[in-house]
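Here are my notes on the model you sent over. Have the structure open while you read, and click through the residues as they come up.

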Amino acid sequence: MAAVTGERLKSELEMFDIPCRDDSVLDKMVEQCICNRIQADEMVLEWVAYSTTKNGLKLTTDTLEQFEHEVLNKKNKSKPSFRKEETHNRTRDIHSLQELIKAEEEEENLLDSYSTPAKKYSQRGAKGEVVVTFGAVQGTRWAGRKALGAGVQLELLEGPEDSLTCSYKYMFQRLRDVRNVLTEKIEELGEGLKSHFNIEEFSPVSLPAQDCVTVLGQVCCDSNGKLNAQSVLLEAGPEQGGQQVPVDLSELKEYSLFPGQVVVLEGMNTTGRKLMASKLYEGVPLPFYTPEEKMELDEEPMNVLVACGPYTPSDSLTFDPLLDLINVIVRDRPDVCLLLGPFVDSKHEQIEKAQVTETFEAIFSRCIESIVDWNKKRWLSLSVCTLPERHPPSFHLPAASLRPAKPQQGPGPACHPGT
């Protein structure tokens, strides 16, 4: 495609005796040619046909905007999309297929490691053994303080006024509100990336350019499947055009992306149809939390125990894993214990087959009561905080009701912030 210039358009207009002495009009026509991917002669022919139907409409910037809305935009909508054809016609060899199969198997194995404890829980081996360690753990004392609960005060980062306290209907938001939230997120995170990496300005993602450009947007997937290197799209905010462009990541040495992630990419987009990414600006990490009260030098570090559910084996709804956890709590006496859900897996065999003889609330209350009873019997001054969980963990959840059972100390139930 030959480059479109103002002189070329002016000469084409003179062939039809259309005078044009305003440079802003020529600049507007050049912009329309680039954005709509048409040549100068085709642009002039379309204008002549349009102006003739409008009784000799004069060539101005206002009439060009009207022409773009009534003619050029409709032509773009009528053009067939080649994106799906490229996706279906993409050839794969035996190596790429093996890589896809291997990646899916790794994901399945990772998900299985976080599932409900297997059957025959009491007959398992390697009880209490450390499976994975992170950081320096030699010489670390895993017991709580001598004075149980001394100096330990557990507070929620967000107060009750900022937390969800009741049930909420999801997916009932207006599309305009959802768009405004996503736009605000892109702009806010984009400003942080712009100032951190000293970026002058962002370019529109779909505007063809022969030079290297820097674009801002959020990562999307071109289908309803899993995100992979061939299905990455970059969706820009309204200030950058608000369009989606496929991204080629083959030139990047390493990257880690997820849908909805706001990123800054640097690369070439010569046709306006695909961005060849050459550099990825990763997100700016949030600062670490700085407490108002500083810990004294001679003060012992706090011991926190975190456990994730479910707390039942897959063949029954008995809380044997939870009882083993409580024995560890009694032995190590941590200062704080965080219990994350699900307390009972919604994919449990007995729940899916409707073999449960009591309500879900009764099962949950029985779980919490066992924790409270052990806390009373063993005289544990333990602060307990519970977080709800569900499949998939993508929605904001209200705090679970602990009535009639409630821990003696700590904030008790907390809402799930969502992802």
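The points below start with the whole chain and then go through the cores, the rings, the surface and the charged pairs.

1. **Ground rules.** This is a predicted model, so to speak of a local feature I need pLDDT of at least 70, side-chain atom pairs count only at pLDDT 80 or more, and totals for chains, interfaces and linings use all residues. Residues are numbered from 1 along each chain as its sequence is written, and side-chain values use heavy atoms, with hydrogens and water left out.

2. **The chain as a whole.** The secondary structure comes to ten helices and nine strands; these are DSSP runs numbered from the N terminus, with helices being H or I of at least four residues and strands E of at least two. Of the 419 residues, 32% count as buried. Buried here means under 20% relative accessible area, exposed means over 50%, and partly exposed is in between (1.4 Å probe, protein chains only). The chain exposes about 28700 Å², and carbon and sulfur atoms supply 53% of that; the areas come from the Shrake-Rupley method with a 1.4 Å probe, and for residues only the protein chains shown count as cover. Take contacts (heavy atoms within 4.5 Å) between residues at least 6 apart in sequence: 69% of them join residues at least 24 apart.

3. **The largest core.** Which helices build it? The elements that give two or more residues to the largest nonpolar core are α1, α2, α3 and α4, and α3 gives the most, with six residues. A nonpolar core is a set of buried Ala, Val, Leu, Ile, Met, Phe, Trp, Tyr and Cys residues joined through side-chain atoms within 4.5 Å.

4. **Aromatic pairs.** A search of the whole structure finds four. Rings of Phe, Tyr and Trp (its six-membered ring) pair if their centres lie within 6.5 Å; planes under 30 degrees apart count as stacked, over 60 as edge-to-face and the rest as tilted. Tyr50 and Phe67 make a tilted pair, 5.4 Å centre to centre with 55° between the planes. Tyr50 lies in helix α3 (residues 40-53) and Phe67 in helix α4 (residues 61-78), so the pair ties together parts that are 17 residues apart in sequence. Tyr50 is buried at 6% relative accessible area, and Phe67 is buried too, at 0%. Ring pairs link Trp47, Tyr50 and Phe67 into a cluster.

5. Met15, Phe16 and Leu45 make a nonpolar surface patch of about 330 Å². Patches are made of residues with over 30% relative accessible area and no salt bridge; like charges are joined within 9 Å, and nonpolar side chains (Val, Leu, Ile, Met, Phe, Trp, Tyr) within 5 Å. Phe16 is in the loop between α1 (6-15) and α2 (23-36) and is partly exposed, at 38%.

6. **Ser278 and who it meets.** Ser278 lies in strand β5 (residues 275-281) and is partly exposed at 37% relative accessibility. Leaving aside neighbours within four places in sequence, Ser278 is in contact with Cys212, Glu251, Leu252, Glu266 and Gly267. Ser278 and Glu251 are 27 residues apart in sequence and 5.6 Å apart C-alpha to C-alpha.

7. **Salt bridges.** How many does a search of the whole structure find? Six, where a salt bridge is a side-chain nitrogen of Lys or Arg within 4 Å of a carboxyl oxygen of Asp or Glu. In one of them, Asp177 pairs with Arg174, the closest N and O atoms being 3.2 Å apart; Asp177 is partly exposed at 30% and Arg174 exposed at 55%. Asp332 bridges to Arg331 at 3.0 Å, with Asp332 buried at 19% and Arg331 exposed at 60%. Glu349 and Lys353 meet at 3.2 Å, N to O; Glu349 is partly exposed at 34%, while Lys353 is exposed at 52%.
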